[in-house]
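This report describes selected features of one model. The sequence and the structure come first, and the description follows by topic.

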Amino acid sequence: MTLTERGNTTVTGRKRLHVITWGCQMNVYDSARMADVLAPLGYAPVDAPDGADMVILNTCHIREKAAEKVFSELGRLRRLQEARAAEGGRMILAVAGCVAQAEGEEILARAPFVDIVLGPQTYHRLPEMVARAARAANGDKPGRVIDTEFPAESKFDLLPEAAAPQGVTAFLTIQEGCDRFCSFCVVPYTRGTEQSRPAAAVIAEARRLIARGAREITLLGQNVNAWHGEAPDEGAWGLGRLIRELAELPGLLRLRYATSHPLDMGDELIEAHRDVPTLMPCLHLPVQAGSDRVLAAMNRKHTAADYLRIVGRLRAARPDIALSSDFIVGHPGETAEDFAATLDLVRDVGFAQAYSFRYSPRPGTPAAGAPGQVPEPEKERRLQELQALLRAQQARFNAGCVGLSLPVLFTGPGRHPGQVVGRSPFLQPVHVTGTTELIGKEIPVRIVAALPNSLSATLEKERACA
Ligand code: SF4
């Protein structure tokens with residue numbers, strides 16, 4: 001998953017809420033929904049934590065030394081909380097997300113100034129938690145709150161409908177949790193077992209996002225292609241069917257989904273890539289390693305050949321599909337031969353983009369205590385070699401776009417005055433000289449130059465895309 005760090009963009013309202021988001025797009029979605037939950041209480045997002053009435057640190061456990069980073073950030077926030085108190089105000093401090101889920105008691109013990117600790121499944125209960133934390137301010141103990149349950153009720157049924165304007169691109173969580181238990185991953189422990197939202201609820205939320213301005217929706221899940229939601233009539237749909245239904249919604253120009261497990265790339269979904277133009281020709285399909293021995297140790301339950309077969313079927317269905325992936329280098333037991341097999345797989349596939357990391361143990365996961373831990377310098381050497389290969393593939397893919405006419409969905413102002421930026425179908429940022437009137441429109445452009453991580457282009461005079 002893509003790691004991000006985001007603040008907030010609007011400043012309105014009576015109580016100031018600052019949400020710090022670490023981690024993947026699902027955390028970005030969760031942070032937006034937490035702000036929605038708190039809006040009826042008078043909280044409105046602000047860009048900085050200084051002077052805020054409430055700060056939520058929405059954490060991610062995928063990061064190395066995740067808990068230490070949380071405690072370090074909490075130290076910084078504590079100083080702001082004290083400064084606020086010195087002014088006669090109060091800053092409620094909440095820790096949310098996967099580190100909160102995994103280390104909730106530890107956070108309350110080591111950081112007594114934290115008011116609320118909540119897991120990813122309970123943020124619909126935030127108003128009640130805030131009320132309890134506020135009572136603590138009046139000396140009505142106990143006010144500190146920890147809620148890291150996996151409640152029987154679904155938070156999605158209880159979240160308020162968001163009303164604020166929506167950007168051109170939107171995330172929509174359709175699935176949470178995971179039953180696959182990869183050796184290195186905390187998700188099944190922090191997000192729980194796999195849960196799919198009903199199709200009707202997903203379609204209703206998509207309609208609302210479009211009504212608020214979204215033109216591209218990315219469907220999210222820890223293992224999104226395992227989605228199997230209750231159908232509006234009876235039975236269940238798979239993701240391929242859901243994509244076909246969503247693609248019919250007026251106003252929606254583009255659909256994407258992330259993140260997928262290779263074993264859940266079923267026929268129906270692959271056929272959707274062939275048949276549904278709204279579904280972008282771009283897929284993040286993590287493989288993690290290219291050695292069958294390591295894939296077995298990771299409990300991935302597929303081989304390198306299985307992955308290559310799936311890639312072949314996807315390319316047969318959609319020849320221009322751009323693939324990206326995740327790689328973990330130096331999983332316990334990985335030998336030099338195993339790593340060479342990863343490089344072979346990368347050469348065989350040819351990725352447009354990829355994320356790669358050194359293996360680092362996550363407490364409580366099977367790989368953390370496994371024998372054969374690879375020394376750090378060797379992990380680093382392998383990572384550098386892999387990243388050099390992936391960078392070269394990305395550069396080749398971007399260079400191959402020069403001269404093409406591609407439709408770009410414009411999303412915002414560019415880095416320089418007079419520029420706007422959008423995304424190609426393959427998710428590359430594309431910069432053109434143009435006005436902000438282009439934002440929200442999908443327009444053909446001619447790619448004129450490729451940079452390592454983006455493209456530059458000129459607007460096409462004619463509306464014909466290659
Ligand atoms: S498929 Fe594996 S890596 Fe992905 S969320 Fe599930 S357990 Fe984690």
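## Ligand shell and basis of the model

The ligand is surrounded by C178, R180, F181, C182, F184, C185, V187, P188, Q222, H261 and R300; a residue is near a molecule if one of its heavy atoms lies within 4 Å of it. By class, this shell has 7 nonpolar, 2 polar and 2 charged residues. Ala, Val, Leu, Ile, Met, Phe, Trp, Tyr, Cys and Pro count as nonpolar, Asp, Glu, Lys and Arg as charged, and the others, Gly among them, as polar.

The model is predicted: local features need pLDDT of at least 70 and side-chain atom pairs count only at pLDDT 80 or more, while totals for chains, interfaces and linings use all residues. Residues are numbered from 1 along each chain as its sequence is written, and side-chain values use heavy atoms, with hydrogens and water left out.

Helices (H or I, at least four residues) and strands (E, at least two) are DSSP runs, numbered from the N terminus. Two packed helices are described by the angle between their axes and the distance between the axes. Axes are lines fitted to C-alpha atoms, for helices over the stretch in contact, and angles run from 0 to 180 degrees between N-to-C directions.

Helix α8 (residues 239–247) packs with α9 at an angle of about 30 degrees, and their axes are 7 Å apart. The two helices α8 and α9 are therefore roughly parallel to each other (angles under 35 degrees count as roughly parallel, over 145 as roughly antiparallel, 65 to 115 as roughly perpendicular and the rest as oblique). On the α8 side the contact is made by L239, G240, R241, I243 and R244, and on the α9 side by E268, L269, E271, A272 and D275; contact means heavy atoms within 4.5 Å. The residues of this α8 and α9 contact divide into 4 nonpolar, 1 polar and 5 charged.

Helix α9 (residues 267–275) also packs with helix α11 (residues 304–317), at an angle of about 35 degrees and with axes 8 Å apart. In α9, D267, I270, H273 and R274 meet R313, L314 and A317 of α11. The contact of α9 with α11 has 3 nonpolar, 1 polar and 3 charged residues.

An open sheet is formed by 3 strands in the order β15-β16-β17, with parallel pairing; two strands pair if DSSP finds at least two bridges between them. The edges are held by β15 (282–284) and β17 (353–358), each with a single partner strand, so one side of each is left without a neighbour in the sheet. Neighbouring strands of this sheet are turned by 10 degrees against each other on average, direction ignored. Over 3 bridges, β15 pairs with strand β16 (residues 322–329) in the parallel sense, and the bridge partner of H284 in β16 is S324. Helix α11 packs on the sheet and touches β15 and β16, its direction making about 165 degrees with that of β16.

I310 is in helix α11. At 7% relative accessibility I310 counts as buried (buried means under 20% relative accessible area, exposed over 50%, partly exposed in between, with a 1.4 Å probe and protein chains only). Neighbours within four places in sequence aside, I310 is in contact with P262, M265 and L285. I310 and L285 are 25 residues apart along the chain, and their C-alpha atoms are separated by 9.9 Å.

## Barrel

A barrel is closed by 5 strands in the order β18-β19-β20-β22-β21, with mixed pairing. Its neighbouring strands are turned by 55 degrees against each other on average, direction ignored. Strand β20 (residues 429–433) and strand β22 (residues 455–459) run parallel and are joined by 2 bridges; the bridge partner of V430 in β22 is L455. Helix α13 (residues 376–401) lies across β18 (405–413), β21 (442–450) and β22, and runs at about 120 degrees to β21.

## Backbone details in loops

A cis peptide bond joins A258 and T259, with omega about 0 degrees. T259 lies in the loop between β14 (254–258) and α9.

N299 is a residue other than glycine with a positive phi, near 65 degrees. N299 is placed in the loop between α10 (292–297) and α11, and is partly exposed, with a relative accessible area of 26%. L427, also not a glycine, has a positive phi of about 75 degrees. The loop between β19 (419–423) and β20 contains L427, which counts as partly exposed at 37% relative accessibility.
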